[in-house]
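Welcome! Please take a moment to look over the sequence and the model, and then we can walk through them together.

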Amino acid sequence: MHLIQVDSVQRWMEDLKLMTDCECMCILQSKPISIEKDEQNELILSSQYSTCDNLQLLLKRAWIISTELTRIAQKLEKNRWQRVHSMTVRVNCHVRSMINEYNSFTRSSSEEMHQLEKLLIDKCSEFTAFTERCLQTEDEEILKSMKSCVNETLTTVAQYFGQLIELVLTHEAQSLLRQVELSGSLFVTESAIRGLFSLAQEGAHLCRIIAKEGGVMALFKICRQDCFRCLYPQTLRTLASICCVEEGMHQLEKVDGILCLADILTDNSHSEATHAEAAAVIAQITSPHLTFTQHLSSFLENMEEIVTALVKLCQEASSGEVFLLASAALANITFFDTMACEILLQLNAMKILLAACSDKRIVDTPYSRDQVVTILANMSVLDQCASEIIQGNGVQLLMEMLFEKSSSGNPAEVAACERVQQKSAVTLARLSRDPEVADTAIKLSCIPLLIKLCRSPTERNNSDSVLVACLAALRRLAVMSPGGLEDSDFQQLVKPRLVDSFLLCTNMEESFV
């Protein structure tokens with residue numbers, strides 16, 4: 001869950017309200033406020049919390065229980081029976097509170113869920129009683145024999161808990177999807193889509209549940225109805241989240257999702273926000289990091305239309321975010337199929353992307369430059385790219401990107417800067433097989449810049465991958481202009497085997513003189 005990544009003090013503040021009342025209020029929470037069904041419904045309807053808020057509360061409680069169960073196993077391994085018992089009592093309270101909280105906001109739950117709730121509560125009570133008996137026993141042999149039973153009970157509690165959470169989340173996904181499919185109300189549909197998006201943000205497992213329950217089909221159905229046009233951006237954003245898992249991709253293929261996305265991207269009557277979110281879905285499903293994109297046969301059928309629309313979106317982007325989404329989709333497509341590079345060349349995409357880089361309002365982050373240089377690197381395998389690069393001052397741009405630096409020091413941004421540096425050097429190396437490009441790079445003093453990057457770890461963000469790419473580019477240019485290097489540089493960076501030069505540079509201490 002993404003909750004783990006939140007600042008620890010913030011997490012503690014959020015969890016405090018869930019933890020302080022556990023033991024003293026557990027019995028009171030277990031008692032109904034009213035036995036009258038109508039009054040209970042009134043309480044639910046007047047609740048200040050939405051379904052999304054309730055689900056977040058449930059997930060936080062589940063995270064706490066899961067963490068506590070892990071800690072119990074660790075304490076049990078060390079035979080710390082006092083801690084095991086106190087934590088078992090706490091888990092018992094959390095489980096009861098979670099079940100009561102969930103039953104207070106859910107309108108209906110299955111018989112299977114009620115049975116599982118009872119099994120879990122009974123097993124937690126048994127677990128607490130068991131650990132209490134262990135606490136009262138001092139005989140080591142007896143404790144040793146009881147330990148395996150405690151372990152077995154802990155495993156059963158964890159199993160029942162996992163099954164209950166799975167059932168609850170499946171039930172909530174089904175409920176939200178029924179609202180999406182059956183409601184004609186714009187407000188109800190929007191609320192349900194927002195709930196699905198919130199669920200999808202909790203991780204891949206929840207995305208799989210939504211996909212298995214037909215979430216991709218239901219959301220694409222929304223994207224095919226004009227009456228829901230104002231919900232397209234939010235719906236597409238939810239689809240992009242769900243399609244990070246294989247089940248989501250399979251469902252997308254089954255419902256002709258690629259065709260729907262192509263229709264949206266090529267329809268000029270849609271808003272820029274809708275086009276941008278459609279581009280985000282394309283970027284997600286063509287990600288080179290996914291291992292299950294090969295079955296997207298329909299993508300190839302619509303690729304030319306999609307690429308054309310994405311290039312247009314890059315050209316007309318009104319903000320850096322829109323450009324980032326469109327260029328990310330294009331970058332991924334160039335990995336997905338080599339024919340995309342030829343289409344981009346025909347569409348003058350190189351000129352459009354290079355022009356965008358000079359507009360700091362549009363290409364305003366290392367992330368955007370990472371996408372642009374990825375496209376340039378993949379297109380540079382084509383011989384025809386050389387003249388386009390020269391005409392658009394692309395060599396100078398690539399040299400500037402060699403010294404990409406993070407302004408914030410954020411690890412993700414630093415990693416993006418390293419990718420920009422590496423891909424810039426790779427692109428220069430590939431393009432320098434053309435004498436005209438190599439000559440332009442040499443005239444712009446590219447060789448001294450590459451030497452500086454090789455010899456100065458801080459200039460390359462201490463990245464070994466950047467070093468390898470710079471050495472390769474330097475060797476390519478040195479062939480074209482051997483006189484451009486001093487003898488020491490030639491002897492250390494060009495003449496030896498690449499691996500020897502690499503080892504020399506990685507062991508080199510930077511001089512501060």
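Predicted model: local features only at pLDDT ≥ 70, side-chain atom pairs only at ≥ 80, totals over all residues.

The protein chain holds 27 helices and zero strands, so helices are what we will be following. Of its 513 residues, 49% are buried. There is also a figure for how the chain meets itself: among contacts with a separation of 6 or more, 74% are between residues 24 or more positions apart.

Let us begin with helix H11, which runs over residues 232–242. Ten of its eleven residues are buried, so H11 is largely enclosed by the rest of the structure.

In H12, the buried residues are Gly248, Met249, Gln251, Leu252 and Glu253. Their cover includes H9, H10, H11, H13, H14 and H15. Just after H12 comes Asp256, which takes a positive phi of about 55°.

Next, we can look at helices in pairs. Two packed helices are described by the angle between their axes and the distance between the axes. For H15 (residues 297–316) and H16 (residues 320–336), the angle is about 145° and the axes are 9 Å apart. Their crossing is left-handed. On the H15 side, the meeting residues are Phe299, Leu300, Met303, Ile306, Val307, Leu310, Val311, Leu313 and Cys314. On the H16 side, they are Val322, Phe323, Ala326, Ser327, Ala329, Leu330, Ile333 and Phe336. By class, this contact has 16 nonpolar residues, one polar and no charged.

A second pair is H17 (residues 339–346) with H19 (residues 366–379). What angle do H17 and H19 make? It is about 105°, and their axes are 9 Å apart. Because angles of 65 to 115 degrees count as roughly perpendicular, that is how H17 and H19 lie to each other. Cys341, Leu344 and Leu345 in H17 meet Ile375, Asn378 and Met379 in H19. The residues of this contact divide into five nonpolar, one polar and no charged.

Now for the loops. Thr106 sits in the loop between H5 (81–105) and H6 (111–135). Is Thr106 buried or exposed? With a relative accessible area of 10%, Thr106 is buried, because the cut-off is under 20%. Leaving aside its neighbours within four places in sequence, Thr106 is in contact with His171 and Glu172. Thr106 and His171 are 65 residues apart in sequence, and their C-alpha atoms are 9.7 Å apart in space.

Two asparagines bring us back to positive phi. Most residues other than glycine have a negative phi. Asn393, however, has a phi near 55°; it lies in the loop between H20 (385–391) and H21 (394–401). Asn462 likewise has a phi near 55°, and its place is the loop between H24 (446–455) and H25 (464–480). Asn393 counts as exposed at 53% relative accessibility, and Asn462 counts as exposed at 56%.

Our last stop is the cysteines. How many disulfides does the model have? The count comes to zero, because a disulfide needs a pair of cysteine sulfur atoms within 2.5 Å. Cys446 is in no disulfide, and its nearest cysteine sulfur, that of Cys470, is 8.7 Å away. Cys446 is buried, with a relative accessible area of 0%, while Cys149 is partly exposed, at 32%.

Terms used:
Residues numbered from 1 in each chain as written. Heavy atoms only, no water. Axes fitted to C-alpha atoms, helices over the stretch in contact; angles between N-to-C directions. Helix = DSSP H or I, 4+ residues; strand = E, 2+ residues; numbered from the N terminus. Left-handed = near helix turned anticlockwise from the far one by under 90°. Contact = heavy atoms within 4.5 Å. Nonpolar A, V, L, I, M, F, W, Y, C, P; charged D, E, K, R; others polar. Parallel < 35°, antiparallel > 145°, perpendicular 65-115°, else oblique. Buried < 20%, exposed > 50% of the residue type's maximum accessible area, 1.4 Å probe, protein only.
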